[in-house]
Amino acid sequence: MLEGKKIVVGVTGGIAAYKAVELVSHLRAARAAVKVVLTRAAQEFIQPLTLRVVAENEVYTGLFGGAEVLPHIRLALENDLLVIYPATANFIGQAAWGLAPDLLSTLLLAFQGPVVICPAMNVRMYTNAAVRENLRRLQERGYIVVPPETGRLACGDVGTGRLPPPAVVAEVIQGALVPKDLTGLTLLVTAGPTREPLDPVRYITNRSSGKMGYAVARAARDRGARVVLISGPTALPEPPGISLIRVNTALAMREEVWKHFDAADVVVMCAAVSDYRPKQVSPEKMKKGPPEITVEFVQNPDILAELGERKRRQLLVGFAAETGNVLAYARAKLEAKNLDLVVANDVRQEGAGFEADTNLVWLVFRDGRFLELPRMDKYQVAHRLLDAILGIWKGGYRE
């Protein structure tokens, strides 16, 4: 999603300045074009040559003495996004009050696109009232402030002030560059597996990693929607800017879905919900006994079918993970459960199954159309799905 985007990375004089090399490398790996602006203080921590090699592009170190007379104007006009990584307390103060003593602060005043600011400093400095007030001013102007992390700091203190890792900031950058065409809509998304207990130790589950559902939630958030994510157990980190509700069983997921259904405009049921649960759950760990045992199962409620019966204005999307006859099963599911759209895939295909970072899907519509998407990253698949959802919504299919 960052391919072809033009990004300026501004580096100020904090001990975390070395991490800018990792961010630039991360952005270049995503095929973004990157230019770097170093303040004078930043050059005490990292040399321009290092960033020039990693960025494969120009590195700017000052307003004067270079080949260009007005470098801040050209950089402001020709680039899509400016990220300050790291942003020191000194730079944050200058930015909050509109001061422009060097190239980076002058560029900030001239820049009209999205601006991402990543504070990094000692915990005492970060919690200082002046710094908090300056950050509030920047947020009120529309700048995106990425909160620092909590942990051991360079000075030896433990607290909030650590620069977030490049992958986290790259996701924020990616979201900042996405059109906000879902603003005003509320999306309810389910993700991950459910676990049906046999005893306090064992449970029945499936191979869902939750990656597709989390990708849909992140993409919807990036496009301006309010997102409620109801997730079964996963190893995925909590996505910022999303209301995350964690559950374990199918019955717990059903309860949370019903709590939030009426307030939703679009419901994307991506979770792999267990169809059955053990009829009896042992209160104690079951010990090894006979060579064979029999476990009796009862059927869980079909949450998706229930939603299809109850929906009024909501647009309802289901997923169909199949091992054959994918389109036929997807169409049957769409009709039987009164869905507006089904995302279907063959989990046996390479790059389309459980736990993969990519997916290979068909979008199956109510009017009989289907769209086959090529293999792509799940975040990209999520955006294609949201494009289809938006098309249905704007087409007057929903209120």
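Predicted model: local features only at pLDDT ≥ 70, side-chain atom pairs only at ≥ 80, totals over all residues.
Residues are numbered from 1 along each chain as its sequence is written, and side-chain values use heavy atoms, with hydrogens and water left out.

Let me start with the sheet. It is open and has eight strands, in the order S13-S12-S9-S14-S17-S18-S20-S21, with mixed pairing. The edges are S13 and S21 (370-372), each of which pairs on one side only. Neighbouring strands here are turned against each other by 15 degrees on average, with direction ignored; the axes behind such angles are lines fitted to C-alpha atoms, for helices over the stretch in contact, and angles run from 0 to 180 degrees between N-to-C directions. As for the terms, helices (H or I, at least four residues) and strands (E, at least two) are DSSP runs numbered from the N terminus, and two strands pair if DSSP finds at least two bridges between them.

Now to strand S12, residues 226-231. Five of its six residues are buried, so S12 is largely enclosed by the rest of the structure; buried means under 20% relative accessible area, exposed over 50%, and partly exposed in between, with a 1.4 Å probe and protein chains only. On one pairing, six bridges join S12 to S9 (residues 186-191), and these two run parallel, with Val-227 as the bridge partner of Leu-187. S12 is also joined to S13 (residues 243-246) by four bridges, again in parallel, and there Leu-229 has Leu-244 as its bridge partner.

Elsewhere in the sheet, S14 (residues 266-269) and S17 (residues 315-322) run parallel and are joined by four bridges, with Val-266 opposite Leu-315.

Turning to the rings, the structure holds one aromatic pair. Trp-258 and Phe-261 form it edge-to-face, at 5.7 Å centre to centre and with 80 degrees between the planes; rings of Phe, Tyr and Trp (its six-membered ring) pair if their centres lie within 6.5 Å, and planes under 30 degrees apart count as stacked, over 60 as edge-to-face and the rest as tilted. Both residues lie in helix H10 (residues 250-261), three residues apart, which is about one turn of the helix. Phe-261 is buried, with a relative accessible area of 1%.
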